[in-house]
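Biologist: Hi! Could you walk me through this one? I'm new to it.

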Amino acid sequence: MPRFSVIVPAYKVQAYLHECLDSVLSQSYPDLELIAVDDGSPDACGAIIDEFAARDPRVRPVHLPRNEGLGRARNAGLRTATGDYLLFLDGDDTLTPHALRAIADRLKETGEPDVLVHDYARTDWSGRTVRNQAAIQLTEHGAAPFGLEDRPGLLKLLTVVWNKTYRREFVEREGLAFPPGYYEDVPWTYPVLMAAESIATLDHVCVHYRQRRRGSITRTTSRRHFDLFEQYDRVFAYIEERPELAHWRPVLFRRMVNHLTAVFAHRERLPREARADFLRQARTHCRRHHAPGHPVPLRSRLRHALVRFGLHRTFHTLQRASALRRRILKSGIRLLKALRTAALRLHYRVQRRLPLRADRAVFTAYDGRGHGCNPGALETALRTHAPHIRTSWVARPEHHHTIPTATHRVRPGTAAYWTALARSKYLVGNVDFDPRLVKRPGQILLQTQHGTPLKHMGLDLQERPAAARGTDFAELLRSVDTWDHVLSANRHSTLTWERVFPGRYRTLEYGQPRNDVFQQATSADVSRLRETLGVPEGTVALLYAPTHRDHRRSRHPALDLERFLRRLGPRFVILARAHHAYGEPLTAGSDRIIDVTDHPSVEQLCLASDVLVTDYSSIMFDYANLDRPIVLLTDDREAYEAARGTYFDLRSFPPGAVARSEDELIDIFTTGHWRGSRSAQLRSAFRERFCPYDDGRAAERVVRHVVLGETNLPPVVPLAERHPVPSAAAALGRFPQAGVPQPAGPPTVLPPAVLPPAVHLQTVGSQVVSSQTVGSQAVGDRV
């Protein structure tokens with residue numbers, strides 16, 4: 001008996017059915033059966049289902065002789081299901097990666113409830129994904145499981161079947177089934193929630209609900225929307241048969257009026273000639289099922305009254321008046337914005353004519369995010385080595401808490417922002433400032449960049465449209481012309497910046513200021529950071545920080561973190577940091593997977609960890625300064641190279657072991673290669689090439705040269721004489737062994753290319769060349 005039965009009815013969804021079925025069968029939790037119901041579809045849905053059934057024995061095809069409708073197709077799937085729990089998925093929707101594993105874990109945590117309510121996100125025809133706005137109802141805080149009386153807010157969620165998981169015994173005991181007609185989810189959803197003795201929630205997006213440009217019920221103009229009346233008759237009949245549920249009548253009456261109002265107000269659903277009839281029937285239903293006692297919000301009372309009394313012409317008149325009001329309001333808002341913009345432009349022009357303030361510096365990082373990266377380290381150093389300079393930091397309000405109290409906070413786009421840009425002598429950022437910036441004579445703009453370049457940058461993106469995404473290269477070069485200094489951490493960065501960002505600036509090979517903390521931190525700092533993050537004492541903390549994919553809209557699900565942790569054993573924990581471009585965590589979370597996506601300092605995360613796992617992220621160049629193990633996962637190297645491209649092949653010159661798949665990554669840890677002598681040799685060569693100046697005084701050198709005008713700068717400490725703070729696990733004297741049972745079947749053996757032989761560097765003219773010896777043949781790769 002499988003754990004899950006996933007029921008997928010299919011009717012005229014041939015363009016989406018492959019993706020839907022694949023999303024189920026590719027789940028990391030494989031204990032399932034997929035019941036795909038061909039609802040007499042006239043297109044290729046039936047053939048597609050049969051193709052999947054021939055390839056995977058978990059697929060159980062059901063073919064209905066004629067189109068029965070969505071409800072009866074689901075009933076056919078119910079009769080076939082044998083799993084402990086039931087899920088429903090429409091043929092044009094998809095399960096998110098690892099959704100079933102998250103559901104299975106939550107069911108186990110909450111004692112096998114009758115119903116688990118999980119979250120979803122809407123995906124429109126353009127590919128844009130928006131999470132459910134009512135997700136606050138799915139909070140997992142508090143006792144679980146619970147009854148509906150404890151969380152009546154669940155009735156506010158969308159009345160759909162596919163945002164829940166149902167215990168099959170519960171469904172059979174209650175005799176639950178789907179009726180025919182439109183809105184068949186209504187008389188299923190409400191009885192399910194009211195009858196369930198135990199309910200739990202999962203605050204995790206498990207379903208991507210596709211809103212097609214054409215073809216969905218909500219965009220279909222038809223009298224079949226009148227089916228909604230009969231569906232609510234079924235809901236109230238269910239309550240009448242069970243007197244113990246009578247207290248839910250007022251709540252459901254209000255929900256019915258809301259639903260009827262929404263259908264009537266949606267002008268695409270009802271034919272013009274049927275609108276008056278719909279409102280008359282709505283009035284009849286409101287009188288039939290009227291149940292006072294549940295308050296209606298003030299903003300909804302008028303609409304409720306119009307529906308309950310069937311005032312069709314009044315409703316239509318108020319709709320048009322409301323639309324006119326919205327248009328006037330929007331026009332007024334546009335006018336106010338235009339006036340504000342004009343006022344700010346005038347303000348900026350006036351400020352540019354006032355004298356520069358030689359004692360002012362303004363900083364920003366990552367287009368208005370918080371205090372951090374190289375500008376953050378320089379702002380801190382400026383207050384130490386040049387205390388006469390007053391500093392300001394430009395950031396959006398939600399990031400102001402990261403800014404030190406001694407630094408003035410500035411919101412982008414305000415008058416204070418334009419004053420700071422016009423009057424400050426020093427402008428420091430790791431991305432370009434506002435394109436409307438007019439650099440004044442005497443101003444000094446320091447471009448810090450944000451890491452050593454591995455992926456293609458600047459002008460190199462002209463031939464890579466997926467990565468460039470409409471970049472205005474003329475505007476880019478105009479910004480470059482405002483730069484006075486550019487920071488560089490190594491010769492590779494210098495050669496790259498000067499080629500892809502050609503300009504008259506001076507390159508400062510002083511190192512990355514943000515990495516100074518690696519040489520300055522103490523073991524006490526590491527212990528404090530781990531305690532703050534919740535890393536258990538005596539464990540190995542693995543920082544997993546993949547970069548974004550320019551060719552993908554959504555996050556690349558390269559690694560099943562739950563499976564990875566199970567294979568590594570109980571002595572490992574993962575600090576999971578998703579790239580900020582995606583705005584969502586890497587996992588639903590568990591006791592041993594700590595989501596650090598929103599942590600303000602990646603440098604602190606590096607200090608708290610014992611090993612880094614990444615892919616093509618520049619974090620590897622920073623982390624190498626700590627002289628701690630680094631492992632790369634490059635499962636999609638060909639796609640990444642095609643879309644973005646890299647300046648050298650990581651397989652030829654890696655900072656440690658390289659895995660080409662999740663299984664190889666597991667092998668690297670279970671065999672100890674991640675911390676072996678070979679990985680240490682690779683890391684040593686990598687540090688020598690890319691970390692020559694990161695000795696803990698990079699920020700000081702920049703401030704002394706750029707601000708104080710000094711030429712006698714602190715000398716660079718040789719690599720051999722640096723002593724970065726050791727990791728917590730290394731300080732214990734040993735790393736725990738990731739010794740776990742191997743899966744059935746032959747073990748995965750790492751090919752020689754994954755752990756290449758020693759790499760030697762040599763300089764040919766101005767080119768740095770790496771060579772590795774394979775037998776008696778030397779192979780050279782340009783770095």
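Biologist: Is leucine 335 buried or exposed?
Modeller: Leucine 335 counts as exposed, because its relative accessibility is 53%; exposed means over 50% and buried under 20%, with partly exposed in between (1.4 Å probe, protein chains only). Bear in mind that this is a predicted model, where local features need pLDDT of at least 70, side-chain atom pairs count only at pLDDT 80 or more, and totals for chains, interfaces and linings use all residues. Residues are numbered from 1 along each chain as its sequence is written, and side-chain values use heavy atoms, leaving out hydrogens and water.

Biologist: Thanks! Where is leucine 335 placed?
Modeller: Leucine 335 is in helix α11, residues 312–352 (helices are DSSP runs of H or I with at least four residues, strands are E runs of at least two, numbered from the N terminus).

Biologist: New topic, the sheet. In what order do the six strands come?
Modeller: The order is β19-β18-β17-β20-β21-β22, in an open sheet with parallel pairing; two strands pair if DSSP finds at least two bridges between them.

Biologist: And which strands stand at the edges?
Modeller: Those are β19 (593–595) and β22 (657–659); each has a single partner strand, so one side of each has no neighbour in the sheet.

Biologist: How many bridges join β17 to β20?
Modeller: Three bridges link β17 (residues 540–544) with β20 (residues 611–614). Leucine 543, for one, has leucine 612 in β20 as its bridge partner.
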